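Please walk me through this structure.

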Protein chains: 2
Amino acid sequence: MSEVYAVRRARLRDRCAASGTAAALVSRPANVRYLAGGSPPGAVLLVGAGDDVLVCPRPPTGDPAEGRLDEQLRQVVLPPSGGDPAVAAVDFAAKAGADALAVEEHHLTVTRHRAMSSVAPRTRLSDLGHAIEQERIVKDEDEITCLRIAAEITDQALGELLESILVGRTERHLALELERRLVDHGADGPAFPTSVATGPNAGRGGHRPSDRRVEEGDFLSVCLGANYRGYRCEIGRTFVIGTAPADWQIELYDLVFAAQRAARQTLAPGAAYRDVDRAARQILDAAGYSDAVAPFLGHGVGLEIEEDPQLAPSAMGKLDACVPVTVEPGVHLPGRGGVRIDDTLVVRQEADGGPELLTITTKELLAL
Amino acid sequence: MSEVYAVRRARLRDRCAASGTAAALVSRPANVRYLAGGSPPGAVLLVGAGDDVLVCPRPPTGDPAEGRLDEQLRQVVLPPSGGDPAVAAVDFAAKAGADALAVEEHHLTVTRHRAMSSVAPRTRLSDLGHAIEQERIVKDEDEITCLRIAAEITDQALGELLESILVGRTERHLALELERRLVDHGADGPAFPTSVATGPNAGRGGHRPSDRRVEEGDFLSVCLGANYRGYRCEIGRTFVIGTAPADWQIELYDLVFAAQRAARQTLAPGAAYRDVDRAARQILDAAGYSDAVAPFLGHGVGLEIEEDPQLAPSAMGKLDACVPVTVEPGVHLPGRGGVRIDDTLVVRQEADGGPELLTITTKELLAL
């Protein structure tokens, strides 16, 4: 597995060399993990100035949730009052003779950047931009395997919840139970805070669980995902509580389901990001729900739960094969609730069977 | 309660006026919450350029975990593709005639800061520094009440755990159960990720729960805290599993307990931060554990779990009354485990009874 990280770092060094800045300092944790196998809290990675080196503020604890560090990679652990690892790394780079260093200006604060500039005034700091985030968009099969396992864990946790009694329990308790079940099935933790939304809250994107209890006749929407070896997936489902859904619930559900299916069907190498969004959005717009729809209807997933690409009306770019994305349209009607249906899929060539659905829990409207 | 926020903002305006920069833009979430009563995700607060205004990327959801926004405060919600609220706020400030704006350079990334500079080239951006963090160090009685309730919730959650069977359960499960109990007792959530450490892991600061199971003869150390209305406390305790602790366990426990007590006894208005640290550290050093001790032995708590002041050997400054801090020395012996004892206390005048202990769970060495 070590080789993967060495190859990724070599690609970054090549990219830096091509742009005239031989060395780069990576500080964004997901980017550090992508290139080093792990990201101990606060660690930064110096690439291209002498040996690549991971500068850590403390000895790594070996905690598996921090990833498995590439053993080939040199590590430097700062002494207890060693200060900011990014400042120390700039100093290393300067001493290794780097006259320029590309840094992640979208991650570093102004204060840190200034401290880094002052420690080595003759090393010019330039902007690496989102170079590593761009590299992370297309996944290799090992990464997709981690996402597939994350999705299996997520489906299991959700499936167990559906077998239990729901009426009378609070959103908060259901969310905590889902997170416990994720861990029971082997997740390193939840991929993001689990959302459980009932009644008027249902269908609201990013709803934080409250003390509202599940009632007969409610819509119940859940959104959860497992983190497995750093890789994060997402599933969202909406159910009806009670023996039979009301007509408006069936209509709204069918509409969102049709929108979600339309967007899933567009997923193919070469499809424009915005066309995936549009496929779902135009169905919801045509039904008169333009104002009730979220500003984007899907996004990449991987070492972070929201990665590039964003599937939104103004997004520029096209999908590639082996890009995992969510497709998650929803409609929320204030005071009444709503529906959200969310899957994680991997874009695949049609010859390979088309989009690979990772989150396989049924999307029928279940009455629980 | 609204008045409190208006008074805090007035104090910030006065401070800005005194330094020649009439307006400030606050982006760090805990600082926004301190001044606005709440901090919807991504919201920034503009103070001193016309009416104070909270610029939100989305309509606030009313989620109580985001706080209760000051109703007197003007709110502007950006349209769905409205971009970065901080950039929009700089634009507002410029249009309100501000020629200078103090911003939080320790929170803003270089990329955001640059976007803010370009939107209003005639508005000079200066550094607000940690001005609001400094204001937040001394708490009012309403804030201390929130911390006191947070501590009560925490003591309850821990107390219930101690009544249950522990042997054979994993660190992860115990941590999840503690977090569920915090929420059961009214917490908005955990104040920070709950740490449960058994056997060789015990006593390690910030240990992340693993799949190790509790065994007879183990040290078991836990560190947890509730978040109540945004205010976060912390408790750490170490127990022995089984009928009777071994001699080395009793000795180590008594030593850490003596160190913790010594540091607690120094807590008084006017005491130097470093002297609190030293009181505990010299006891551990004298017993030969210099290398096994953390670089700081306590810190402030409030809207964030680690706030100023830091109680560390190199810290400059003195305690005031009404400053809540943790006192949390520990010793970890690689391969054997260790002890950590952690309380949250409020510094009080001796005439007011001396330091107020918020986390009242017993510090006797319990054999469970």
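This is a predicted model: local features need pLDDT of at least 70, side-chain atom pairs count only at pLDDT 80 or more; totals for chains, interfaces and linings use all residues.

**A helix pair in chain B**

From H8(B) come Leu255(B), Ala258(B), Ala259(B), Gln260(B), Ala262(B), Ala263(B) and Thr266(B). They meet Asp275(B), Val276(B), Ala279(B), Ala280(B), Ile283(B) and Leu284(B) of H9(B). Sorted by class, this contact holds 10 nonpolar, 2 polar and 1 charged residues.

Now the geometry. Two packed helices are described by the angle between their axes and the distance between the axes. Here H8(B) covers residues 247-266 and H9(B) covers residues 273-286. Their axes come within 8 Å and cross at roughly 160 degrees. Angles over 145 degrees count as roughly antiparallel, and H8(B) and H9(B) are therefore roughly antiparallel to each other. Their crossing is right-handed.

Move to chain A and its strands. An open sheet of 3 strands runs in the order S7-S10-S11, with antiparallel pairing. S7(A) (189-190) and S11(A) (231-232) are the edge strands, and each pairs on one side only. S10(A), residues 226-228, is joined to S11(A) by 2 bridges. Asn227(A) has Arg232(A) in S11(A) as its bridge partner.

Last, the interface. Here 19 residues of chain A are in contact with 19 residues of chain B. On the chain A side, H4(A) (110-119) and H7(A) (171-184) are the elements that give two or more residues. H7(A) supplies the largest share, 4 residues. By class, the chain A side divides into 7 nonpolar, 7 polar and 5 charged residues.

Definitions and conventions
Residues are numbered from 1 along each chain as its sequence is written. Chains are lettered from A and ligands numbered from 1 in the order in which they are written. Two residues are in contact if their C-beta atoms, placed from the backbone, lie within 7 Å. Ala, Val, Leu, Ile, Met, Phe, Trp, Tyr, Cys and Pro count as nonpolar, Asp, Glu, Lys and Arg as charged, and the others, Gly among them, as polar. Axes are lines fitted to C-alpha atoms, for helices over the stretch in contact, and angles run from 0 to 180 degrees between N-to-C directions. Angles under 35 degrees count as roughly parallel, over 145 as roughly antiparallel, 65 to 115 as roughly perpendicular and the rest as oblique. A crossing is left-handed if the near helix is turned anticlockwise from the far one by less than a right angle, and right-handed if clockwise. Two strands pair if DSSP finds at least two bridges between them.
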